[in-house]
Amino acid sequence: MTSDSRPTLLPGAPHTDRRLFLAGTATLAGMAAVGLPLSGIARAADAAAEVADLQKAVKGQVVARDTEFYEPWRQSMIWQTQKFPRRPDIIVQAESVEDVVAAVNHARQSKRRITTRAGGHSFCGCFMRDDGMLVDVSRLSTIEIDAARGEAVVGPGVIGRRLQEDLARHDLAFPTAHCGMVPISGFLLGGGLGWNGNAWGGMATYAILEVEIVTPDGTVRTASERENPDLFWAVRGGGPGLFGVVTRFRLRCYPRPKAMRSHTYIFPFTSAPDVAKAMEEIGPKLPLNVELIGVITAAPPGLEKACSAPGCDQVLVLQSVAFVDTEQQALAGMAPLADHPITKLALVANKNAPETFENLYYGNEVPFPQRRYCVDNIYADGLAKPIEVIMRHMPHSPSRVTAPVLLYKGRPDMPDGATATKGNFYVSCYAQWDDPAADKANKDWLIALYEELQPLGTGSYINELNQEGRPHRIRECYTAEGWAKLAALRAKYDPERVFHTFYGLEPQPRQS
Ligand SMILES: Cc1cc2nc3c(=O)[nH]c(=O)nc-3n(C[C@H](O)[C@H](O)[C@H](O)COP(=O)(O)OP(=O)(O)OC[C@H]3O[C@@H](n4cnc5c(N)ncnc54)[C@H](O)[C@@H]3O)c2cc1C
């Protein structure tokens with residue numbers, strides 16, 4: 001796994017080899033030699049000329065479909081091991097905002113629709129579409145910290161772990177995603193369920209103070225509460241339906257908690273309904289700076305026996321994490337969990353463990369390694385019914401490492417933005433497997449689970465919605481007013497429909 005959001009290129013495909021675009025021309029001879037139809041050769045020649053023109057305007061790499069290194073480039077854009085078979089005409093890896101402007105102008109003029117990719121972590125690979133242009137901004141990855149103001153100016157290619165490490169040197173912190181390798185860009189634009197989210201703004205997107213964004217007309221704009229506030233509203237949650245490329249974020253950061261601590265309890269899977277009920281009781285008693293999260297996962301070595309009831313070779317790991325400055329505050333904050341009778345059912349308890357962000361990242365990256373994924377979620381006000389459905393479906397999961405997650409959100413006050421959190425709990429499930437032959441079984445299983453869960457919920461979160469399998473649920477990630485406002489803003493800023501909208505909501509025409 002890479003520690004960074006940049007594509008890992010296969011040997012022979014360097015980041016900056018300008019000769020790559022010539023590969024299109026080079027293959028022409030080969031195509032003629034193997035007797036490809038002349039119309040195909042003419043199209044390839046046109047494409048090579050077009051890419052050569054674009055390459056002159058762009059410092060970064062331009063890679064065209066049907067050229068030698070296209071497939072390694074395309075695959076390297078996708079973080080997981082499932083490499084969705086969708087093929088944009090052109091991939092542009094931007095080195096600067098000027099590159100992004102050139103790419104957007106070129107796409108508009110050549111009538112190619114654009115998607116943006118920063119870290120490629122989208123579980124459904126929503127940035128990877130047939131035809132059009134993929135603009136990769138992973139190399140815009142600078143971090144500038146203004147410690148006095150408690151702010152950071154950050155490129156979209158920065159990953160959470162790196163931002164956290166840099167901020168720590170200034171005694172600052174940020175509500176990054178729970179896995180450190182998740183880039184901040186798509187995470188923030190889709191909403192951002194980050195560490196200590198309840199205390200740090202509700203959703204991480206509200207820590208965005210300002211963005212630099214290239215809009216479909218090729219203009220570089222600033223969006224903030226004061227400048228282009230309507231566009232700023234869309235930036236805070238528009239996510240995979242956003243009509244522009246964000247090239248820089250100015251972020252509000254928070255004082256670094258000096259004494260983070262956690263309590264962790266491991267329960268047999270069969271106790272999940274009791275644990276879920278306890279989470280409903282404990283959650284509202286916790287201060288905002290204590291996070292409560294449960295993960296159903298394969299039983300760790302040594303606990304398999306205790307979890308050997310039928311359909312029960314898994315455990316529920318329940319953890320509270322206190323983002324505080326003293327051990328005393330941590331123990332007081334986490335007392336509603338430590339004092340709850342549910343803890344007596346735990347097979348293992350690890351109390352008052354000192355925590356670091358790196359430790360938290362590591363703990364979350366182990367159960368979510370690079371493999372094939374399909375992910376879905378609902379927000380819900382209670383857990384009783386959702387856990388009953390999960391318990392019924394889990395024994396039939398085609399994969400033993402598939403992991404449902406229960407996160408207490410509460411209802412922290414949040415400003416207005418496109419993102420819409422509508423429930424006390426976030427209930428997600430990370431179907432994961434390795435064998436491509438198991439794709440259909442795992443995806444069908446997850447769709448069935450969430451079609452049963454959806455009516456029990458209050459909405460969904462766009463960044464972890466199964467846009468591929470349940471596109472009819474995309475609008476449930478927004479309020480009715482928010483959805484209409486997003487559509488009106490798209491019509492205003494992108495009248496020519498230069499940008500693709502949400503994956504799953506539009507047909508995917510192929511040109512060839
Ligand atoms: C292991 C793992 C753990 C995760 N943990 C969390 C978590 O704790 N909390 C959480 O909220 N989410 C989590 N996620 C989901 C994550 O938020 C999304 O996958 C998010 O899209 C990742 O950001 P990215 O930059 O890789 O986006 P990409 O996959 O690169 O892009 C996804 C979409 O975002 C839009 N986009 C991205 N960057 C830009 C930009 N600069 N300008 C315009 N549009 C852009 C595009 O529409 C694009 O199609 C996790 C994902 C993974 C794989």
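Hi everyone. A quick definition before we start: I'll call a residue buried if 20 or more other C-beta atoms lie within 10 Å of its own. And please keep in mind that this is a predicted model.

With that in hand, let's look at strand β4, residues 133-136. M133 and V135 point one way from the strand, L134 and D136 point the other way, and all are buried. What does β4 pair with? One partner is β2, residues 90-93, which runs parallel to β4 and is joined to it by four bridges. In that pairing, I91 stands opposite L134. β3 also pairs with β4 in the parallel sense, again over four bridges, and there T116 stands opposite V135.

β3 brings us to the ligand. How many residues surround the ligand? The count is 34, and the closest are A118, G119, H121, S122 and G186. β3 (114-117), α6 (184-190) and β10 (245-252) each supply at least two residues of that shell. Which element gives the most? That would be α6, with five residues.

Now, on to the open sheet. Seven strands form it, in the order β15-β12-β14-β13-β17-β18-β16, and the pairing is antiparallel. At the edges sit β15 (348-354) and β16 (372-380), each of which pairs on one side only. On average, neighbouring strands here are turned by 15° against each other, if we ignore direction.

Let's zoom in on one pair in this sheet. β13 and β14 are antiparallel, over nine bridges, and A298 stands opposite Q314 of β14. Helix α8 packs on the sheet, where it touches β12, β13, β14 and β17 (403-408). The direction of α8 makes about 170° with that of β13.

My last stop is helix α9, residues 327-338. If α9 were straight, its twelve residues would span 16 Å at 1.5 Å a residue, but its end C-alpha atoms span only 14 Å. Which residues of α9 are buried? They are A330, G333, M334 and L337. Down the axis of α9, these buried residues fall within an arc of 85°, so they line one face of the helix.

Definitions and conventions. Residues are numbered from 1 along each chain as its sequence is written. This is a predicted model: local features need pLDDT of at least 70, side-chain atom pairs count only at pLDDT 80 or more; totals for chains, interfaces and linings use all residues. The expected span of a helix is 1.5 Å times one less than its number of residues. A residue is buried if 20 or more other C-beta atoms lie within 10 Å of its own, exposed if 12 or fewer, and partly exposed in between; C-beta atoms are placed from the backbone. The arc is that of the directions from the helix axis to the C-beta atoms. Two strands pair if DSSP finds at least two bridges between them. Axes are lines fitted to C-alpha atoms, for helices over the stretch in contact, and angles run from 0 to 180 degrees between N-to-C directions. Two residues are in contact if their C-beta atoms, placed from the backbone, lie within 7 Å. A residue is near a molecule or strand if its C-beta atom, placed from the backbone, lies within 6 Å of it.
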